[in-house]
Amino acid sequence: MSSEVTLLRVIRAYLQAQMLGDGSLGEVQESVHALLLSHFRVLSQELDHSLKPARLRLYDRIPSNDLVRDILKGRTEFEVFESESGLLGAVPQIINAHQGVVGDAWAIGDALWSFYSGTFRYQAGSELFSACSRSARQAGNILAASRLTVMSSGMEAKLGKAAEALGSIDAAIVECAPLGRLDVMCMFHEFRGICLAELGCEGDAVAEFTYARAGNESLGNKRGCSIQDLLLSRTYRRFGKAEEAEKAARRSLDEVDKNRDRHTYAKSAQELCFALRSAGKHGEALAYGKDAAEIFAELGEYRRAHDTLFAIAESLHALADDDDAEAFAGEVRDYYERVGLSAEYEQVSRFLESLHT
């Protein structure tokens, strides 16, 4: 390694190790591991921030400015992550093998939540957050370890392991309660609500999100309130309560600043579109859906964008505009086929067939 550290040198050293034959990282010196983690800490934090307030500062913070410009040229932040995902897969292994880099554990886990959640990479996210949690615990940082465990549990809930995840979250609540951190408790109860919703416990899930919302409100955290209202809307909608879902989704949208936090705004607008569709208010649903889909596409979150476009197609069909419904749904079907989402592809295909029966 040269004394001049660049992203290109770190990636090259990593790739050389992978080409040794067995795919292990054993021959990569620990200093390179630390540099690789440091790169991902900065890169992931900056890309995550860019999905919220638009403040991408990679040019100033990554040593190899020319390489960063090449990486970003003509691509969105999520597309950059797509190209980096091969290296991301090595991060848990590096963290587990070298405890000298524990300082990055919380920063990496915290910053990468939007990426793994936004791109539905639940298994990979669970593995990463678990590795970061173990690293933080070995370093004696119980708060960071518990928070990362809860984040991992949130991913596990999406993988059909909500009951096991609930146990981990309850343990984290007991462990961190003496710290008196209301913001942390709000986070834990939010994830507890997600698990309960997955288990079909509507009332308990609503109670958890309501608790977390009240805590965020007392802390003056409007974005936190917006997220809890979004989760409340999803829960109500899931259990067939369209009117309550619409009210919660409208609150969520009112609580977020579109100019400062376009990512959260788009999620809230998407949820309001879904809620209005469920309530049979298809004309209004179209307006919010198109707004959300446009922002998701600009941010590179194509899965969310196409999920929203399908909701638009369904509302267009309900309004007897089958030509436009078919055009939107056809685009969505092609995307799902291209990225290998077979269940979603079949769902849209059935919808398209229904337009001609």
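This is a predicted model: local features need pLDDT of at least 70, side-chain atom pairs count only at pLDDT 80 or more; totals for chains, interfaces and linings use all residues.
The protein chain contains 20 helices and zero strands. Of its 357 residues, 52% count as buried.

Helix α10 spans residues 142–158 and helix α11 spans residues 162–176; their axes come within 9 Å and cross at roughly 160 degrees. An angle over 145 degrees counts as roughly antiparallel, and α10 is therefore roughly antiparallel to α11. The crossing of these two helices, α10 and α11, is left-handed. On the side of α10, the residues that meet α11 are Ile142, Leu143, Ser146, Thr149, Val150, Ser153, Glu156 and Ala157. They face Ala162, Ala165, Ser168, Ile169, Ala172, Glu175 and Cys176 in α11. Sorted by class, the contact of α10 with α11 comprises nine nonpolar, four polar and two charged residues.

The crossing of α16 and α17 is left-handed. Helix α16 contributes to the contact through residues including Arg262, Tyr265, Ala269, Leu272, Cys273 and Leu276. From α17, the residues involved include His282, Ala285, Tyr288, Ala292, Ile295, Phe296 and Leu299. The class count for the contact of α16 with α17 is twelve nonpolar, four polar and six charged residues.

Ser117 belongs to helix α8, which covers residues 113–118. Its relative accessibility is 19%, and because buried means under 20%, Ser117 counts as buried. When neighbours within four places in sequence are left aside, Ser117 is in contact with Tyr122, Met155 and Arg304. Ser117 and Lys158 are 41 residues apart in sequence, while their C-alpha atoms are 9.8 Å apart in space.

The aromatic rings complete the picture. The model holds two aromatic pairs. In one of them, Phe310 and Phe351 are arranged edge-to-face, with 5.4 Å from centre to centre and 90 degrees between the planes. Phe310 lies in helix α18 (residues 302–318) and Phe351 in helix α20 (residues 342–354), so this pair ties together parts that are 41 residues apart in sequence. Both Phe310 and Phe351 are buried.

Tyr335 and Tyr336 also form an aromatic pair; their arrangement is tilted, with 5.9 Å from centre to centre and 55 degrees between the planes. Tyr335 has 10% relative accessibility and therefore counts as buried. Tyr336, at 3% relative accessibility, counts as buried as well.

Key: Residues are numbered from 1 along each chain as its sequence is written. Side-chain values use heavy atoms; hydrogens and water are left out. Rings of Phe, Tyr and Trp (its six-membered ring) pair if their centres lie within 6.5 Å; planes under 30 degrees apart count as stacked, over 60 as edge-to-face and the rest as tilted. Helices (H or I, at least four residues) and strands (E, at least two) are DSSP runs, numbered from the N terminus. Buried means under 20% relative accessible area, exposed over 50%, partly exposed in between (1.4 Å probe, protein chains only). A crossing is left-handed if the near helix is turned anticlockwise from the far one by less than a right angle, and right-handed if clockwise. Contact means heavy atoms within 4.5 Å. Ala, Val, Leu, Ile, Met, Phe, Trp, Tyr, Cys and Pro count as nonpolar, Asp, Glu, Lys and Arg as charged, and the others, Gly among them, as polar. Axes are lines fitted to C-alpha atoms, for helices over the stretch in contact, and angles run from 0 to 180 degrees between N-to-C directions. Angles under 35 degrees count as roughly parallel, over 145 as roughly antiparallel, 65 to 115 as roughly perpendicular and the rest as oblique.
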